[in-house]
Amino acid sequence: MKIKRFLIDFAVVFAVTLVVAAIVTYLWNLIAHGQNAIDWETSFRFAIILGIALPVARTMTSKGK
């Protein structure tokens with residue numbers, strides 16, 4: 001696994017996931033609870049997990065080819 005490619009993939013997936021999760025939790029809190037709040041804890045946790053898992057999965061599938 002090339003570390004530079006992994007770090008770039010991690011950064012891209014992390015950023016996209018963080019933004020999407022923040023928007024989703026904001027809309028959920030706005031619609032369901034009537035509060036203007038973003039659940040940053042959940043957003044960061046989700047972004048870190050997917051930021052690691054998706055590049056690793058991509059590397060593992062490309063090694064098989």
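Visitor: What counts as a helix or a strand here, and how many does the protein have?

Guide: Helices (H or I, at least four residues) and strands (E, at least two) are DSSP runs, numbered from the N terminus. By that reading, the protein has two helices and zero strands. The radius of gyration, taken over C-alpha atoms, is 15 Å, well over the 11 Å that the globule rule (2.2 Å times the number of residues to the power 0.38) gives for 65 residues, so the protein is more spread out than a compact globule. Its C-alpha trace spans about 50 × 20 × 15 Å along the principal axes.

Visitor: Before we go on, what sort of model is this?

Guide: It is a predicted model, in which local features need pLDDT of at least 70 and side-chain atom pairs count only at pLDDT 80 or more, while totals for chains, interfaces and linings use all residues. Residues are numbered from 1 along each chain as its sequence is written, and side-chain values use heavy atoms, with hydrogens and water left out.

Visitor: How many salt bridges are there?

Guide: A salt bridge is a side-chain nitrogen of Lys or Arg within 4 Å of a carboxyl oxygen of Asp or Glu. Searching the whole structure gives three.

Visitor: Which residues form a network of salt bridges?

Guide: Look at Arg-5, Asp-9 and Arg-58, which are linked in this way. Asp-9 meets Arg-5 at 3.1 Å, N to O; both sit in helix α1 (residues 3-33), four residues apart, about one turn of the helix. Asp-9 also meets Arg-58, at 3.6 Å, N to O.

Visitor: What is the distance between Arg-45 and Glu-41 in their salt bridge?

Guide: Their closest N and O atoms are 2.9 Å apart. Because Arg-45 and Glu-41 are four residues apart in helix α2, about one helical turn separates them. Arg-45 is partly exposed at 44%, and Glu-41 is exposed at 56%.

Visitor: And how do I read the contacts?

Guide: Contact means heavy atoms within 4.5 Å. Of the contacts between residues at least 6 apart in sequence, 60% join residues at least 24 apart.

Definitions and conventions: Buried < 20%, exposed > 50% of the residue type's maximum accessible area, 1.4 Å probe, protein only.
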